[in-house]
Amino acid sequence: MTVSSPRITARVSAETQELLSKAAALIGISSINSFVLNAAIEKAKKIMQDEEVLSLSKEDAQLFIESLDRPAEPNKRLNQAFKAYESKSN
């Protein structure tokens with residue numbers, strides 16, 4: 001028994017088909033399906049990278065590093081929670 005791969009289909013206007021066909025031909029791809037699939041994969045990878053990678057300007061990166069070097073002082077509630085934790089574990 002042959003297991004088929006998932007399929008993606010789309011109906012497009014004649015103008016869109018012509019546009020995709022011309023663009024595919026310009027970069028040497030004879031199949032519109034291959035062109036669309038390649039373009040979709042590139043776009044998906046860019047979206048994933050943009051969502052997964054945090055890019056900071058030099059100034060923001062410097063502020064971030066400085067913040068890590070001088071952590072905030074614990075507030076009253078955090079000190080109380082720490083004392084409560086210590087008393088339960090002793």
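A residue counts as buried under 20% relative accessible area, as exposed over 50% and as partly exposed in between (1.4 Å probe, protein chains only). By this scale Ala 39 is partly exposed, with a relative accessible area of 36%. The model is predicted: local features need pLDDT of at least 70, side-chain atom pairs count only at pLDDT 80 or more, and totals for chains, interfaces and linings use all residues. Residues are numbered from 1 along each chain as its sequence is written, and side-chain values use heavy atoms, with hydrogens and water left out.

Ala 39 lies in helix H2; helices are DSSP runs (H or I, at least four residues) numbered from the N terminus.

Helix H1 (residues 14-26) packs against helix H2 (residues 32-52) at an angle of about 85°, and the axes are 9 Å apart. H1 is therefore roughly perpendicular to H2, a term that covers angles of 65 to 115 degrees. Axes are lines fitted to C-alpha atoms, for helices over the stretch in contact, and angles run from 0 to 180 degrees between N-to-C directions. On the H1 side, the contact (heavy atoms within 4.5 Å) is made by Gln 17, Leu 20, Ser 21, Ala 23 and Ala 24. H2 contributes Ile 32, Phe 35 and Val 36. By class, this contact has 6 nonpolar, 2 polar and no charged residues. Ala, Val, Leu, Ile, Met, Phe, Trp, Tyr, Cys and Pro count as nonpolar, Asp, Glu, Lys and Arg as charged, and the others, Gly among them, as polar.

The largest pocket has a volume of about 480 Å³. A pocket is an open set of points on a 1 Å grid over the protein atoms alone, where a 1.4 Å probe fits, with protein on both sides within 12 Å along at least five of seven lines; lining residues have an atom within 4 Å of a point. The volume is the space filled by probe spheres set on the points. Of the 13 lining residues, Ile 8, Thr 9, Ala 10, Asn 33 and Val 36 are the closest to the centre. H1 and H2 each supply at least two lining residues. The largest share, 5 residues, comes from H2. The lining divides into 9 nonpolar, 3 polar and 1 charged.

Arg 11 sits in the segment before H1. Arg 11 is exposed, with a relative accessible area of 85%. Leu 56 is placed in the loop between H2 and helix H3 (58-69). Leu 56 is partly exposed, at 42% relative accessible area.

Definitions and conventions:
Parallel < 35°, antiparallel > 145°, perpendicular 65-115°, else oblique.
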